[in-house]
Structure formats: structure tokens, C-alpha cells
Amino acid sequence: MPDLAAAFGLGRAALRHALRWGLDAVLPPQCLTCDMAVQAPGQMCSACFRATEFVTEPCCQQCGTPFSSAQQGGVAKRCDPCTQDSPPWRQGRAALRYDNQARRIILPLKHGDRVEMARALATHMARAGATLLREADVIVPVPLHRWRLLTRRYNQSALLCHELGRIAGRPVVADALVRTRATASLAGKTKRQRAQTVSGAFAVRPTRQARLAGQRVVLVDDVLTTGATATSCTVALLAGGAARVDLLVGARAIFDDILS
Ligand SMILES: [Zn+2]
Ligand SMILES: [Zn+2]
């Protein structure tokens, strides 16, 4: 490569960029969730698109669970669990149902280096949460604990926030919330155990309190399962002076799917 760079009078970085551009020009972009060629980066092929369960209205206005009919949620348009044990956030929306196809988007975003997934997923989240984003003063991610940030290198919710901020033209305060302590993994825990695990585990960063005071916040996370983490973050934001909190997630885990 140095010889080639020298031959063309280019720096290494410039040469790498030129080769990369050449490859992108020659190879068609791939579907987000399979190997099929697509028209543009970040798209899905028609088969994967059809297999993706986008959450649309009618759905629960608070947790994004899709309804089978407009009558299902009653006048309040809320599911039974949200009616019986109302979450502290005002409204909530999800882009996708968290099924096997959604996992093919979320898991690489969470554990891999597929950060381009964030841009694609955020596009769908912006559609699902259009009304919430329109009324938002600021967008805030669920934070990762520092040691998890070290092993994962980036916070997937913050990535989604930055893409959403760009699409919706809203400011992002990526470090608004901090974890006050490390929490054990929520995987395999019941709703009650999850709530106990993350209760009080978040707080507004003291230096961000003035920035959030009286603001309408959209809290962003990748997946909503029992809502334990989102609840704890919302309580922290409201205690920290936010006027109200709405929730926007990439995918909604449906209890029938989890329990079956
Ligand atoms: Zn595909
Ligand atoms: Zn609900």
C-alpha cells in the first residue's frame, strides 16, 4: 500500500478512502438483515421488509403494544397492564415488535459494530414517535454503566438519540442521566425482580439539571421489555426537574411472545 500511495502521490488515509469509495461503487449495498443486494445502504430487501413487524396505530399510547382493533384500548387507548399499573412516562411508542426479525436489527446494534443499524432503526423510530418528537424540547438516552461502555465501546441508545436528533431537528443531551450504581443483568428476571434491580439506579447528572429543568423530554432506549429501566429513568428525570417524559424505543417486547 505505501508504494501505491506514493505512486499516486496520496497519503495512506486518502488512498484508503479512495479504495473504499471504489469498493462501494462496485459492490451494491447489502440488505440490513440478509445478504441480498439493495438499492441504497440502510435499506432492507423486500422479503426482510415484509418479515418486519412495524408497530402502527392502533397501539397502546403508553407502551406501544399493538392492538388488534381500534376498540381494544378503550377511550384512553391503553392496554390492560398500562391501565392497571400506569408507567410514569406520559406516552410511549415503539418502531418494531421485538421478534426474531427485530433481533436481527437490534442485536448487531447492541453487541456488534453495526452502527449503521442505528440510522436505519432511528428512521423507523422517528415515524413511530413523530408526534412525541414534534413536542419534545430535548432527547435523552438511557445510559450504559461505565464498565459496559468500556466492553461495548458505545451506547446504542445514545447512537439512536443522535440519529433521531438529526432527523427530527431536536437537541440531544446524551449525558443527561447517570447510573448511580452498577446493576445486574435483567435477563431472565421477572417484572418485579427487574423493577427492584434498577429502582433508584439512575439520576440526572448534577451539571445537567439546569438544562433539563421544565423541559419536555423524549427518553430513548433500544428495547422496552417490562419497562423497569424506562420507569427508573423517567422517575429520575421527573425528580430532576423535567416537565414531562415520553418514551421512544426501537422495539417493544410483547408479553405473549416472551411467555409463550
Ligand atoms: Zn433481506
Ligand atoms: Zn400499554
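A crossing counts as left-handed if the near helix is turned anticlockwise from the far one by less than a right angle, and right-handed if clockwise. With that in hand, let's look at a helix pair and its sheet.

## About the model

This is a predicted model, in which local features need pLDDT of at least 70 and side-chain atom pairs count only at pLDDT 80 or more, while totals for chains, interfaces and linings use all residues. Residues are numbered from 1 along each chain as its sequence is written, and chains are lettered from A and ligands numbered from 1 in the order in which they are written.

## The sheet

Four strands form an open sheet in the order β1-β6-β5-β2, with parallel pairing; strands pair if DSSP finds at least two bridges between them. Its edge strands are β1 and β2 (138–141), each pairing on one side only.

## Two helices

Helix α6 (residues 116–128) and helix α9 (residues 156–168) have axes, lines fitted to C-alpha atoms over the stretch in contact, that come within 9 Å and cross at roughly 60°. α6 passes α9 in a right-handed crossing. The residues of this contact (C-beta atoms, placed from the backbone, within 7 Å) include L121 and M125 in α6 and L160 and L164 in α9.

α9 lies across β2, β5 and β6, running at about 130° to β5, with angles taken from 0 to 180 degrees between N-to-C directions.

Methods: Helix = DSSP H or I, 4+ residues; strand = E, 2+ residues; numbered from the N terminus. Contact = placed C-beta atoms within 7 Å.
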